[in-house]
Amino acid sequence: MSIEVKNLSHVYSLGTVFEHTALKDIDFSVGPRDFIGIIGHTGCGKSTLIQHLNGLLKPTTGSVIINGKDINKEMPMKEIVKRVGIVFQYPEYQLFEETVYKDVAFGPKNIGFSEEEIEKTVRESIELVGLDFDEVKDVSPFDMSGGQKRRVAIAGVLAMKPQILILDEPASGLDPMGRSEILGYINKLNKEVGICILLVSHNMDDVADFADKVMVFSKGRLVKFDTPKEVFSDVDELEKIGLTVPDSKKVLLGLKEKGIDVDTSLFRTRDAIEEIIRVVGGKK
Amino acid sequence: MNNIIEVKNLSFAYDSDEPDKKALENVSLSIREGEFVGIVGHNGSGKSTLAKMFNGLLLPTQGDVFVMGMNTKDEDSLIDVRRTVGMVFQNPDNQMVATIVEEDVAFGVENLGVEQSKIRGVVEDALRAVDMFEFKGQKPHQLSGGQKQRIAIAGIIAMKPKCIVFDESTAMLDPVGRSEVLSQMHKLNKEDGVTIIFITHYMEELIDADRIIIMNDGSYYKEGTPVEIFSDTDELKKLRLNVPETVELADGLRKAGMNISHNVLTKEDLVEAICQLK
Amino acid sequence: MSEMTIGQYYPADSFVHKLDPRTKIMLTLLYILFIFMVKSVVGYAVAFLFLVMAIMFSKIPVKYIIKGLKPVAFIVTLTIVINILWTKGGNLLFSIGFIKVYAEGVVVAAKMGVRLMLLVSTTSIMTLSTSTIDLTDGMEMLMRKVPFLKNSAHDISMMMSIALRFIPTLQEETDRIMKAQKSRGADFDSGNIVQKAKAMLPILVPLFVSAFQRAGELAMAMEARCYRGGEGRTKMKVLKYTKRDAVAYVIGFLFFAVMVGSGYIGLPF
């Protein structure tokens, strides 16, 4: 399972005074089991991009290819959404059924799963997001807390068994523990279930903690697609496009400037701790 | 300093049929004039409910809330309470009333019955204070989230409150919008002496607060300066909270035996502290 | 959405734009009233001339006015057809089966069609040349003069302005929910009318839930800003009549007099 984006450009309101190029010449490919972080300023084109990956938007030029097939030519919408799931920002606003079970079953039903398949996938998905199936299945989603609603909404997309899951700011608005729980489950989906994850986030630390590779968008262009280590290596360039690096890395850079010879290519908090202790020394 | 807000033995239940299901239980605290206070707590800890008590949007089931000595339960002084304590909410879209920016800023001032000839001046000053003057003729939906929140702030400061409550006003913004709103809060606090009460999930936004109050399961848990509050990372995690990343890094180093002061909250201080050990 | 001209403001610096909204509302209402009292061809010509003048003095491109006619084209057509078929009198022009078309029918239908188009065009000029806020202010002021609307004038105009404020927000929201449900395989395009209606539930339910939540939050935000209804409230902008409005009223009444009067002084039709 792979997604290839070739030469993709998207222009909104083509041919009117409001004409606006949201994406320009985007080229990349994503393989199975990848965990990709997508970062960029608001309005950089990242939300336009993700809507192309499951056919919600059609490219003005270029193509999106899933498993060798151009999705806009050879794949009906139902086939696309079977493979690529999108969890939009504040997904709890898509809940509408009377019970959690029915809501999570909505997607699989739409794409033609059998009754047995639906039951199995609903149970699995609810458990994958850390909820107790028997406890929540008959509860109305509207009676749940914000954090639980968010999980039910994610389960609703997972239940369609996508091989690629795109999440737009899945943790926004949650409390710190809620944030790390959701991100933990997403990481598990990648590592244990083998789903390819594309995580759109404003939070550099989340991206640093989980992503194998990072896409950086600026003004409608994909300016960088590399490992976090490489992407975070050019602090000046990131800052020029309004982004920043994780705080741990800034501390390492500060130390380097003061003449302490630490490895500034590290960016995760736990790595930074080890590195500082290695260089400066622990027990003193 | 005088207390601008005093909360005494406050309990509150949303549903009068279920008086035992309390959103707030026996909370007592006070806010001093000119302070910058952060209030934190997990989702459902009661912090937003508490915020709505400060200007009489919600009234205590038991106990009292006093704003400059006025009881919020006293209907005659409710308008004075609300012009003393203004409030900026979480969702920037759901607090704009008018279809034009300047009209929205004028809304509160008009409600107070300010003399017509004075309104425009007040509105324009408020827009200048949040750096949004050139947007006065725009429509709200043409603005970014951070800009909308600044308009909401302008609408409040036009009413000249002594205290402004920010109820998770940065939660729905991107990093740029968040820092815009945060620096606006500090500016109001430092330059105009406005008391700020800031409810948030983002601990790093409270590094410069005078005081942080922790709410837990509807009760007042504890309070302290940022240094005091962030010094116990493990306790905060138990409360479903966290510490700013720099503090976590410092904490990790401390646990490995490095002698780093709990006063270290910023990157610069941490670099300095490590250099001293070398 | 972009097809909807009513409620859309076309900014320009013109005589009509600068008129007090009350003048524009009143003249539009009177025009609509009098257009149904026109009895002569001359009357219609004068009514048309009034429209042309209004367009010229508003500097609004004619294509915007025509765009405003599109959504009502169906209603106009329907009115014309019904009037042709229903009216009996004068010479029988032709008949197909049981359908009989009389000369009188054609005349009545033509009159109705022209009236409707003039009515919609004039209303478009009013809405295109007046910002929504001025429009609601003007309506509020006018309603205050009407005895049975006096007490609710403020509430009605507040409701209208909030509705206008939230139209774009709810449009965006609908779009967002629709995309989310499409991503879950929802199909809004195929099936018969019952299936299509049922398919709308996954959009309507979340939309209502969120609209109610927004309404609740907005009410709270308004309360926090000391809102107590219209009482004791002042306004930043106060509407003021100027000489320009007097000129407009005089011109308007002259036109109306000729429009209606021409029918009574022995002109044809």
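Which residue of strand 4 of chain A is the bridge partner of Ile3(A)? The partner is Ile66(A). The model described here is predicted.

## The four-stranded sheet of chain A

Chain A contains an open sheet of four strands, ordered 2-1-4-5, in which the pairing is antiparallel. Strand 2 (20–30) and strand 5 (69–70) of chain A are at the edges with a single partner strand each, so one side of each has no neighbour in the sheet.

Strand 1 of chain A, residues 3–12, is joined to strand 2 of chain A by seven bridges, and the two run antiparallel. One position in this pairing is Val5(A), whose bridge partner in strand 2 of chain A is Phe28(A). Strand 1 of chain A is also joined to strand 4 of chain A, here by five bridges and again with the strands antiparallel. Ile3(A) and Ile66(A), the residues of the opening question, are bridge partners in this pairing.

Strand 4 and strand 5 of chain A also run antiparallel, with two bridges between them. Ile66(A) takes part here too, with Lys69(A) as its bridge partner in strand 5 of chain A. These two strands form a hairpin that has two residues between them, and Asn67(A), in the turn, has a positive phi of about 50°.

Helix 1 of chain A (residues 46–53) lies across strand 1, strand 2 and strand 4 (61–66) of chain A. Helix 1 of chain A runs at about 55° to strand 2 of chain A.

## The six-stranded sheet of chain A

Another open sheet in chain A has six strands in the order 6-7-8-3-9-10, with mixed pairing. Its edges are strand 6 (84–87) and strand 10 (221–226) of chain A; each has a single partner strand, so one side of each is left without a neighbour in the sheet. From one strand to the next, the twist averages 15°.

Within this sheet, strand 7 (residues 164–168) and strand 8 (residues 196–200) of chain A run parallel and are joined by five bridges. Leu167(A) stands opposite Leu199(A), which belongs to strand 8 of chain A. Helix 8 of chain A (residues 176–193) packs on the sheet and touches strand 3 (35–40), strand 7 and strand 8 of chain A. The direction of helix 8 of chain A makes about 150° with that of strand 8 of chain A.

The table sets out the values for the two interfaces.

| Item | Chain A and chain C | Chain C and chain B |
|---|---|---|
| Residues in the contact | 22 residues from chain A, 17 residues from chain C | 29 residues from chain C, 39 residues from chain B |
| Buried area | about 1600 Å² | about 3200 Å² |
| Share from carbon and sulfur atoms | 62% | 56% |
| Salt bridges | one salt bridge | six salt bridges |
| Polar contacts (both at pLDDT 80 or more) | six residue pairs | 18 residue pairs |

### Chain A and chain C

The area buried between chain A and chain C is about 1600 Å². Of the part that chain A buries against chain C, Tyr93(A), Gln94(A) and Phe96(A) supply 35%, more than any other three residues. Helix 3 (77–83) and helix 4 (100–110) of chain A are the elements that give two or more residues to the side of chain A that touches chain C. Helix 4 of chain A provides the largest share, five residues. By class, this side of chain A has 14 nonpolar, six polar and two charged residues.

### Chain C and chain B

Between chain C and chain B, about 3200 Å² is buried. Arg165(C), Arg225(C) and Met236(C) supply 29% of the area that chain C buries against chain B, more than any other three residues. Among the six salt bridges found across this interface is the one between Glu103(B) and Lys237(C), whose closest N and O atoms are 3.2 Å apart. On the side of chain C that touches chain B, the elements giving two or more residues are helix 7 (132–143), helix 8 (153–183) and helix 10 (201–224) of chain C. That side of chain C has 15 nonpolar, five polar and nine charged residues.

Methods: Residues are numbered from 1 along each chain as its sequence is written. Chains are lettered from A and ligands numbered from 1 in the order in which they are written. This is a predicted model: local features need pLDDT of at least 70, side-chain atom pairs count only at pLDDT 80 or more; totals for chains, interfaces and linings use all residues. Side-chain values use heavy atoms; hydrogens and water are left out. Contact means heavy atoms within 4.5 Å. Buried area is the accessible area (1.4 Å probe) that two parts lose on being put together, summed over both. A salt bridge is a side-chain nitrogen of Lys or Arg within 4 Å of a carboxyl oxygen of Asp or Glu. A polar contact is a pair of N or O atoms within 3.5 Å; within protein, one must be able to donate a hydrogen and the other to accept it, and residues adjacent in sequence count only if both atoms are side-chain atoms. Ala, Val, Leu, Ile, Met, Phe, Trp, Tyr, Cys and Pro count as nonpolar, Asp, Glu, Lys and Arg as charged, and the others, Gly among them, as polar. Two strands pair if DSSP finds at least two bridges between them. Axes are lines fitted to C-alpha atoms, for helices over the stretch in contact, and angles run from 0 to 180 degrees between N-to-C directions.
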